[in-house]
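Opening the notebook on this one. I want to see what the coordinates say before I do anything else with them.

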Amino acid sequence: MQAWDISFSKLKAGYGSHVVLTDVTAALPAGAVSVILGGSGCGKSTLLRQIIGLSKPLSGEVRVAGRDICTLPPAEFRRVRRRMGVLFQDGALLGALTLAQNVALPLTEHLNLPAEAVRAEAVRILGMVGLSDFADFYPNELSGGMRKRAGLARAIIAQPRILLCDEPTSGLDPITAARMDDLLLSMHRRFPEMTIVSVSHDLASLNRIADYVLVLRDGACVFAGTQDALRASDDPYLVRFLNRDGAGDDAAAGECAAPAVQASLDRWFAS
Amino acid sequence: MPQRNADDISRASPPVKVLRLLGRPALRALNAMGSVTLFMLDGLRHIFTTRRILGRTVRQIYVIGYQSLFVILLIGLFCGMVLGLQGYYTLVRFGSVGMLGSAVSLTMIRELGPVLTAIMLTGRAGSSMTAEIGVMRITDQIDALDVMDINSVAYLVSPRIVAALLSFPMLTAIFDVTGIFGGYLTGVCMLDINEGAYLYRIVSSVTMTDVAGGFLKALVFGLLVTTVCCHQGYKAHLRRDSVGPEAVGSATTSAVVISCVLILAADYVLTSILL
Ligand SMILES: Nc1ncnc2c1ncn2[C@@H]1O[C@H](COP(=O)(O)OP(=O)(O)OP(=O)(O)O)[C@@H](O)[C@H]1O
Ligand SMILES: [Mg+2]
């Protein structure tokens, strides 16, 4: 089996008249763990939606395994997308189903397997993300981190060739986040032909897992390369990003409240 | 681009201005109608192509049908009782209280049964359909279904359409029967109309055409309400007036308003065809 790569050329994308990505040209190598970095709101999730084909680009193209997914005929497109697993930013588990039913959904909907076999597989996959004890819980009975892990379980149950994770570690404590990274890495070792793309702004996670890094800024790709190349780069934005440097921007906190507001507040505190 | 449009309008001559002002909403409404119709056809088509629709349909029948049963019984009963009372005091002036059975049963079966049942179900079941699907939309659950190659219309909408097509006529029938019983309570038990006359008038005046017409209305209303409510939720993310949870709220409001208007408009059309 050959691994699939992903490439963007002159990709312009957005929502209605609001253009988020202006010009992204980059390629994510096949069979590697790629991390998409970028500030909050810079369009990382938007880029993922383009790979999945959930929204159409305004111009340019997205190629998966060399084929432009926007021009594929619908049946062919579905055959490609069937091999993608996606962990959405908030898990996107169906609220009406238990974890086991959620995770098993791709199997129950597409295969003719006995119910026990499907459940056993779902519980096995839930075990991989450390949630086998919660198979019969509903998503709203779980914490955010657990929902994320369950979302990952659902993304991998149908053995995807491309695994896309939107911020798998954000909002998790450092230990759980590290476990999530280890999980991705162990998936990578087990299925070397799986292309993993993870969106993140977590530098620790980047260090651990990234073979390849893509940095987005102002709607364009400002860096694409290995971690070593990223560290060697002298681009001021990248240096600041890696050093978590806010450039001494203390203007925001330094300003005092307007006197009238302050006086009113003081009166309120005293009352 | 928007800038240029604005300039155009301010420079255009008055008749053109008026045409523009009318034309834009008209086009938008036409667009929305087309979108709802396609959505409905899609939902209907997938009834026959989806696997495992049965289980989800049964669940929806439980939600739309069973959970609304009590409200329908209650409203049907009071509605029939009021009809009995009003009918009695109108008919007594013409000395024809014996016709009360006909009056109550025909009003119930032809008009009030289908219309009030549909309006009640819009409020009870339709609004929760919009809210549920709308929340699924804004929390990416519908996108997640699509990514898993599960057709979201087939998964969410088709079972609800089937369930509505089964539940609306059944609940309408139940509403009719409780209504007629309500009329019996006021007419026979409280106002001392002859029991035989009340029941005989029902049997002699209600024809199969009336009953079939009532069921036809219930079927059409069921399809309309489900389509509109699911559509509003499904497209909650495309609303222009609001985003996020607020969009789900306003989608629910519009779903109920549009459904009620459509029920009464369709009722007029169907009645004029059936009579
Ligand atoms: N459904 C939507 N409709 C309109 N605009 C949107 C929508 N979703 C996102 N945007 C806009 O697109 C821009 C990029 O959003 P996106 O979700 O891709 O950011 P992100 O990089 O994933 O951010 P974060 O790290 O916070 O998740 C934002 O400015 C946002 O306002
Ligand atoms: Mg995001």
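Which residues does B:Ser68 touch, not counting residues up to four places away in sequence? I looked it up: B:Val63, B:Leu121, B:Arg124 and B:Leu171, where contact means heavy atoms within 4.5 Å.

Ground rules, before I go on. This is a predicted model, so I keep in mind that local features need pLDDT of at least 70, side-chain atom pairs count only at pLDDT 80 or more, and totals for chains, interfaces and linings use all residues. Residues are numbered from 1 along each chain as its sequence is written, chains are lettered from A and ligands numbered from 1 in the order in which they are written, and side-chain values use heavy atoms, with hydrogens and water left out.

Back to B:Ser68. I found this serine in the loop between α3 (53-64) and α4 (69-91) of chain B; helices here are DSSP runs of H or I with at least four residues, strands are E runs of at least two, and both are numbered from the N terminus. B:Ser68 counts as buried because its relative accessibility is 2% (buried is under 20% relative accessible area, exposed over 50%, partly exposed in between, with a 1.4 Å probe and protein chains only).

Next, the nonpolar cores. I take a core as a set of buried Ala, Val, Leu, Ile, Met, Phe, Trp, Tyr and Cys residues joined through side-chain atoms within 4.5 Å. The largest has 57 residues, and A:Leu105, B:Leu145 and B:Leu156 are among those with the most contacts inside it. Helix α7 (residues 152-190) of chain B gives the most to this core, 13 residues. I checked B:Leu156 too: leaving aside neighbours within four places in sequence, it contacts B:Ile133, B:Met136, B:Ile142 and B:Leu145. There is also a second, separate core of 46 residues, including A:Leu37 and A:Met180.

Then the metal. What coordinates the magnesium ion (ligand 2)? I get A:Ser45 (OG) and A:Gln89 (OE1), at 1.9 to 2.3 Å. Donors are N, O and S atoms within 2.8 Å of the metal (3.2 Å for Na, K and Ca), and water is not among the atoms, so the site may look incomplete. A:Ser45 lies in helix α1 (residues 44-52) of chain A and A:Gln89 in the loop between β6 (84-87) and α3 (99-110), so the pair ties together parts 44 residues apart in sequence. A:Ser45 is partly exposed at 25% relative accessible area, and A:Gln89 is partly exposed at 29%.

Last, chain A overall: I count 11 helices and 10 strands, and 47% of its 271 residues are buried.
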